[in-house]
Amino acid sequence: MFVVSLTYICEMSEVEKHLEAHIDYLEIEYKKGSFIASGRKVPRIGGVILANVDSLEQLTQILDEDPFKQHGLAEYEVTEFIPSKTSKELDFLRQQ
């Protein structure tokens, strides 16, 4: 599992121009099962994505399709982690 932290490196007006395409991209990845949660940072300086994919290489390919990345609007920090304890609702994520 991976936590992706996006930080905008441009004016919000540029982000807004590509927001609809970014949301469409997210929806595709949710349908594929790659992403399990996402949202804005507060304050609105970027966003966070929780990705449940098999490898960093797979995630890199997925992130390369993000319009924010394609247009150079954000920097991406990726942290891999192994969920060893979860709430009952997220038991499906737990790994030994």
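Analyst: The residues lining the largest pocket divide into eight nonpolar, five polar and two charged. The model is a predicted one. In this model, the lining of the largest pocket has 15 residues. Nearest the pocket's centre lie Tyr8, His22, Leu26, Gly39 and Arg40. The space inside is about 210 Å³. Which elements give two or more residues to the lining of the largest pocket? They are β1, α1, β2 and β3.

Now for the sheet behind these names. Four strands form an open sheet in the order β2-β3-β1-β4, and the pairing is antiparallel. At the edges stand β2, residues 35-40, and β4, residues 74-80. Each of these edge strands pairs on one side only. From one strand to the next, the twist averages 15 degrees. Helix α1, residues 12-32, packs on the sheet. The helix touches β1, β2 and β3. Its direction makes about 165 degrees with that of β2.

Look next at how β2 meets its partner. Strand β3 covers residues 46-51, and β2 pairs with β3 over five bridges in the antiparallel sense. Two of the residues nearest the pocket centre, Gly39 and Arg40, can be followed across this pairing. Gly39 stands opposite Val48 in β3. Arg40 stands opposite Gly47, also in β3.

The link between these two strands deserves a look too. A hairpin of five residues joins β2 to β3. Pro43 sits in the loop between β2 and β3. What is the form of the peptide bond from Val42 to Pro43? That bond is cis, with omega near 0 degrees.

Ser5 lies in strand β1, which spans residues 2-8. The side chains of Ser5 and Lys41 are joined by a polar contact of 2.8 Å. Leaving aside residues up to four places away in sequence, Ser5 touches Lys41, Gly47, Glu75, Tyr76 and Glu77.

To gather the picture: the pocket draws on β1, α1, β2 and β3 for two or more lining residues each.

Methods: Residues numbered from 1 in each chain as written. Predicted model: local features only at pLDDT ≥ 70, side-chain atom pairs only at ≥ 80, totals over all residues. Heavy atoms only, no water. Polar contact = N/O pair within 3.5 Å; in protein donor to acceptor, adjacent residues only side chain to side chain. Contact = heavy atoms within 4.5 Å. Pairing = 2+ DSSP bridges. Axes fitted to C-alpha atoms, helices over the stretch in contact; angles between N-to-C directions. 1 Å grid on protein atoms, 1.4 Å probe; cavity = no way out; pocket = protein on both sides within 12 Å on 5 of 7 lines; lining within 4 Å. Points joined across faces, edges and corners; volume = space filled by probe spheres on them. Nonpolar A, V, L, I, M, F, W, Y, C, P; charged D, E, K, R; others polar.
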